[in-house]
Amino acid sequence: MQVTIVPASTKTGEAAIRSLLSKPVQVRGIYRDLSKVPAAFSAEAKFSAVEGNASEKGALDLTGSDAVLAIIPPVFDGRDLLEHAETISSNIKTAIELAGNVKRLVLLSSVGADFSEGVGEIKTNNKAEEVLRQARVESIVFVRCAYFMENWTMNLATLKGPDPFFFSSITPVGYEIPMVSILDIGITLAEQLTDEAILAEKPYIFELHGPQNYSALDVRAALTRVLGKEVEVRPVEKDHLRKFYAQIFPPTILDHWVELATSILPDGKLGTEYMLHPRGPVLHGRTDLETAIKASCEA
């Protein structure tokens, strides 16, 4: 069995590959830049890397693939997010159908992907699902992941100083939401890719959460234990989200990220009421918040 990951350079792609390498399958990663292939992967006999760009029409060759993992990585350079998601999804769909042998397609998606409006950047997942659910393959799986635990360690600069702190756009700081580790995402994706059973539902959709819900206060406690010193949480209140994100994102995509952050809040579209009523089955990973944060900081 050959499993192909496209693109393979993302953190979730790498996590899926690590899990796949423990299974009796051949693993192929598609990279836009082959210099990004981790040395540990290149040393594995069952792994191969192929150059390809999902953004370019006709630039993907999935010949020989039995299962394909599709990942729609976010872009931050100001281009149209939905157009980007549709282009990549369409190119992957076309390549799958041209290959002729692909039996299973797995898409890394997001909680909230059932909405086409009001959820900001998550709308890219809705667009990807819209395109890829039409792929001509036996089985299609959409894994809708919760908030990544590792997101809390993205700005390590604020955690390295003598008075470490982190910002939280999820408020109030005691508000709990589903979170999941990239470690569990990789394990789950690998399991779905290598399951050869033909599914009754097409697509089969489930949410992937961690072992429990967490808040920014839980993140503060985990970081404090991992770093061995007191860490401060600095909440970014709803009225200040636009000013906060304007320091990070280009104006052309700013609204998407502000809308996403707002949608997660208790009264938002993906807030308390949404979380109490999942849109389908929920699978819970085993990795707790502190373990995920420790692994991310060490990496």
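Analyst: A word on annotations before we start: UniProt positions are given in the numbering used here, feature names are shortened, and annotations may be inferred rather than shown by experiment. This is a predicted model, where local features need pLDDT of at least 70 and side-chain atom pairs count only at pLDDT 80 or more, while totals for chains, interfaces and linings use all residues. Residues are numbered from 1 along each chain as its sequence is written, and side-chain values use heavy atoms, with hydrogens and water left out.

User: Where does UniProt place the feature "domain: NAD(P)-binding"?

Analyst: The unreviewed UniProt entry puts it at residues 8-165. Helices (H or I, at least four residues) and strands (E, at least two) are DSSP runs, numbered from the N terminus. Residues 8-165 are 30% helix and 21% strand, with end C-alpha atoms 32 Å apart.

User: How do I read a nonpolar core, and which residues touch the most other members of the largest one?

Analyst: In soluble globular proteins, nonpolar side chains tend to be buried together. A core here is a set of buried (under 20% relative accessible area, 1.4 Å probe, protein chains only) Ala, Val, Leu, Ile, Met, Phe, Trp, Tyr and Cys residues joined through side-chain atoms within 4.5 Å. The largest has 70 residues, and Ile5 and Ile17 touch the most other members. Helix 9 (residues 251-264) supplies the largest share, seven residues. A separate second core of 23 residues includes Val6 and Ala128.

Methods:
Buried means under 20% relative accessible area, exposed over 50%, partly exposed in between (1.4 Å probe, protein chains only).
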